[in-house]
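Student: Can we go through this one together? I'd like to start with the overall fold and then look at the chain contacts.

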Amino acid sequence: MNRTRLLRVGLKVLRLAAVLLVVSTLCFFSLALLPGDPARLMLGDAATADAVATLRAQLGLDLPTMERFGHWIGGVLQGDLGESYRTGQSVTEILGERAPVTVELIVLSQVIALGLAVPAAIVAAHRRRTGTDRALSLWVFTALSTPDFVVGVVLIWILSVHLGWFPANGYAPWSDGVGPHLSSLIMPAIALAGTSFALYQRVLRADLVETLRQDYIEVARAKGLSLTRITFRHALRPSLLGLSTQIGVTVGMLIGSTVVVESLFGLPGIGDELAGAVTARDYVEVQGLVLVIATCFVLVNALVDVLYPVIDPRLASSRRTRGGAR
Amino acid sequence: MTAAAPVPAPVPTPEPAPAKRRRRRRGGRWTIAERLSAGWLILLVGGMLVLPTLRGIDPLDIGAESRFAKLSPEHWLGADNLGRDLLARALDGAQVSVLIGVGSVLIAALIGVPLGMLSAYYGGVIAAVISFVVDVILAFPGLVLALGLASFLGASVTNVMIAITVPMFPVFVRLARAQTLALLETEYLEASEVIGTPVLSIMRRDVLPNISEAILAFGFVSIGRAILIEGSLSFLGIGVPRTQPTWGGMINEGRIYMTTDPLLILVPGAFLLLTILSLNLISDRFLVDGDAVTGARA
Amino acid sequence: MSEPLLQVRDLVVEFRTANGPLRAVDGVSLDVARGERVGIVGESGSGKSVLSRTAMGLLGRKDARISGEITFRGQDLLAMSDKQRRDLWGREIAMVFQDPLSSLHPITPVGQQIVETLRRDPAMDKTKARARAIELLDMVGIPQAERRFRSRAHELSGGMRQRVMIAIAVANSPSLLFADEPTTALDVTVQARILELFDELCRELSIGLVMVSHDLGVVARHTDAVSVMYAGRISEQGTVDDVLRSPRMRYTSALLAAIPRIDHGRRALPQPIGGLPPDLVNPPAGCRFAPRCAHAVAACADQVPPLEPAADVPGHAFACWNPTPTEVAR
């Protein structure tokens with residue numbers, strides 16, 4: 001049994017590697033094959049043909065495509081993602097500076113989302129089909145349907161402009177003190193948390209409702225256990241599978257959402273950088289950032305896969321995992 | 001958000017306590033929330049088609065005298081910093097959003113569903129290839145991929161549609177594949193195969209009608225999702241040409257004036273929220289489990 | 001004998017449904033004494049499971065309309081607060097359910113599930129509870145109890161699982177035990193051993209047992225008294241000997257005739273009961289069995305037969321307008 005599991009994990013890793021290889025190839029060729037000359041784009045229509053040619057040579061754009069691909073992939077494998085056309089800074093350096101902001105933003109938003117979603121799901125599942133459940137569900141639907149940037153704009157309007165609690169824009173690093181640092185992140189984190197909260201509440205509520213119907217919950221009741229104990233000790237854990245899958249998917253999705261939220265709040269994260277790079281058509285940077293984001297996304301999902309048997313030991317011995325629509 | 005909150009749905013008739021089966025709501029009465037949602041969507045599409053000609057106001061018309069106009073008979077929902085009519089702009093933006101939302105989902109479904117069905121039916125190499133392509137595309141967060149594509153393809157409505165379709169169709173592949181696989185296990189399809197019905201007509205006659213409900217539900221949510229991505233791109237000023245009024249673009253431009261003239265963000269914000277909310281609520285009618293809504297985010 | 005352990009009087013349980021109120025239990029009275037084993041027999045849907053769940057208090061006023069009286073050791077169970085009732089569960093009153101696989105928690109090790117019940121007693125600390133749990137596993141006949149303590153439900157066989165469930169139920173030596181079809185989900189060979197375990201525990205711990213089953217054979221061999229339920233009502237009640245050896249109510253006779261059996265070298269073909277149990281939302285006006293009864297007379301169609309004591313046998317009661325004559329019964 002253990003050997004087959006090992007084999008399965010190995011196959012998964014191989015597949016992951018293949019996916020990442022294709023992802024990076026795509027990243028590269030989407031740049032190489034698309035019309036338009038990066039050098040020309042960077043210098044603008046007014047630049048002389050000479051200037052463009054020089055820049056092309058500088059950037060190595062005059063080499064054959066395959067050779068450039070070789071260089072790039074070689075660099076990627078050594079952790080060199082190239083240099084930004086705009087600033088000349090290396091993409092890895094940019095990542096090192098900006099990733100912590102984005103990671104912290106995502107973690108904070110997940111803490112908020114889960115902190116609200118878990119209690120909301122528990123209450124809704126216990127009061128299924130009552131007014132409370134329906135009110136919560138309406139809230140969830142509204143959160144699900146409101147774009148992050150709309151939440152962000154409304155937050156700025158109310159909390160910054162009217163109440164003056166938090167700065168509307170900008171980032172305060174840890175060195176400015178914990179208070180200013182957190183208050184520069186709290187609004188973007190809330191804006192980012194809305195969708196996650198809604199997704200988590202829905203998934204967990206549905207699974208909890210299903211779990212609460214199980215015989216072992218009635219048995220727990222017949223043992224005379226309190227509702228709190230039944231909820232947290234008996235019902236919650238078997239209901240976490242759907243939620244953990246959802247977290248994996250959502251965190252990946254959030255990396256995309258940070259583009260909007262970080263630009264809105266002027267946070268120096270990866271999303272903001274990506275938006276800037278895209279607008280400036282800084283292709284090397286875009287392909288580097290996208291590759292890293294995709295890699296993180298794939299790894300997060302793989303991590304959830306590995307964690308399944310830990311969350312639910314039944315899966316360690318059964319062949320199939322849930323929701324395997326592959 | 002001052003948008004009118006839909007009234008919570010009334011309780012469906014309570015099920016008897018001993019019944020433990022999960023019940024599907026489809027085909028039942030429309031709840032108030034669902035009716036309001038359908039009402040809003042009809043109003044939106046109707047208004048989008050009829051009002052511009054009826055009112056004869058150009059969404060691009062600048063007027064110094066109507067700058068920051070409040071609600072008035074002339075400017076029903078007020079006017080922006082350049083005196084442009086907000087309702088006319090919102091309806092013009094609606095055309096873009098609806099076109100991109102419906103268009104990209106239709107294309108995504110037309111590509112994704114057949115691929116998913118084939119992959120489920122044939123399995124083997126075909127399924128492996130399709131599933132690998134799906135994995136690769138889904139390795140990018142949807143918005144990031146859309147953002148990258150939109151910027152590479154250049155600003156145009158068609159390009160935004162493509163940029164949204166690409167990250168969306170793989171999810172249709174997975175959905176159609178999972179649904180078809182479940183269906184293929186049923187006996188009557190086996191019977192159909194034994195008789196020797198050609199694959200294409202099995203797919204069309206036996207499989208498609210049986211999986212269409214799930215796909216329809218998912219389609220509705222996906223339209224909402226597509227409109228949301230379009231809104232985000234427009235908010236960032238990427239994709240749809242800036243001269244074209246869009247909800248996201250209007251919100252972005254209105255941000256500067258939000259302290260003095262909140263209408264500038266409230267109007268497009270309400271359009272965006274109500275439209276996506278309505279689509280989500282209506283799709284929930286088809287699937288009580290909530291698979292559709294959660295799945296669309298993947 | 002002093003006052004009975006459990007006393008149910010005129011119990012009515014009604015569910016609201018889309019089509020109108022459904023009376024799952026309709027005017028049932030029942031006594032269980034300490035150490036007594038009472039069987040409740042009936043087809044599925046006869047209300048026997050609802051009866052046991054209501055009698056235990058698991059089904060409360062929040063879930064259904066309940067009238068009548070349920071007294072446990074003189075205390076009114078229906079008037080109790082949730083907290084008071086919970087205090088009884090797992091300590092004074094316990095239940096063993098039908099499907100041991102779905103009744104055991106899928107993730108928590110089985111030993112832990114026993115410990116959890118033991119820890120209802122504040123005097124039980126963790127180490128004591130653990131030792132006691134292993135003792136209990138041993139007592140219900142699980143080999144290598146120490147090792148099995150850490151097993152999860154899916155790693156055990158069906159019989160073992162039900163043994164664990166029984167260990168959980170008797171962990172705090174309750175005085176009253178409900179068993180809802182405890183052997184239905186098990187292999188026939190395992191059934192007998194589980195039932196013997198029940199007999200043993202009832203004897204040793206003098207537990208009052210309410211055994212709900214659709215299986216007359218189970219009830220015949222492993223209970224002292226029996227109530228036959230049909231469509232929410234008790235149609236016949238008495239000692240096992242009286243009811244099953246000389247059934248009076250036609251339904252009981254029909255049930256007995258439906259069992260395939262070989263006895264005294266004479267082979268009797270089973271005679272299935274035709275028709276279906278009535279719709280409990282719109283039950284028949286008279287005797288509820290009348291539409292399926294081969295011996296129905298005019299009165300059966302419109303008058304409800306009362307549950308009345310048999311003239312000659314004390315403690316034997318039945319509800320029938322045209323009872324099976326005593327001499328015909330074996």
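Tutor: Helices (H or I, at least four residues) and strands (E, at least two) are DSSP runs, numbered from the N terminus. From that end, the elements of chain A run α-α-α-α-α-α-α-α-α-α-α-α-α-α. That comes to 14 helices and 0 strands. This is a predicted model, where local features need pLDDT of at least 70, side-chain atom pairs count only at pLDDT 80 or more, and totals for chains, interfaces and linings use all residues. Residues are numbered from 1 along each chain as its sequence is written, and chains are lettered from A and ligands numbered from 1 in the order in which they are written.

Student: What does the C-alpha trace of chain A span along its principal axes?

Tutor: About 85 × 60 × 35 Å.

Student: Which residues does UniProt annotate as "transmembrane region" in chain A?

Tutor: The unreviewed entry lists 12-34, 105-124, 136-159, 179-200, 240-266 and 286-311. Positions are in the numbering used here, feature names are shortened, and annotations may be inferred rather than shown by experiment.

Student: Where does α13(A) bend?

Tutor: At Asp305(A), by about 25°, and Pro309(A) follows within four residues. The bend is the angle between axes fitted to the seven residues ending there and the seven starting there.

Student: New topic. How many residues of chain B are in contact with chain A?

Tutor: 48 residues of chain B, against 50 residues of chain A; contact means C-beta atoms, placed from the backbone, within 7 Å. On that side of chain B, α9(B) gives the most, with 8 residues.

Student: What about confidence in chain A?

Tutor: The pLDDT (the predictor's confidence in each residue, from 0 to 100) averages 84 in chain A, and 92% of the residues score at least 70. Over residues 318-326 of chain A the pLDDT is below 50. Where pLDDT is low, the predicted coordinates should not be read in detail.

Terms used
Two residues are in contact if their C-beta atoms, placed from the backbone, lie within 7 Å.
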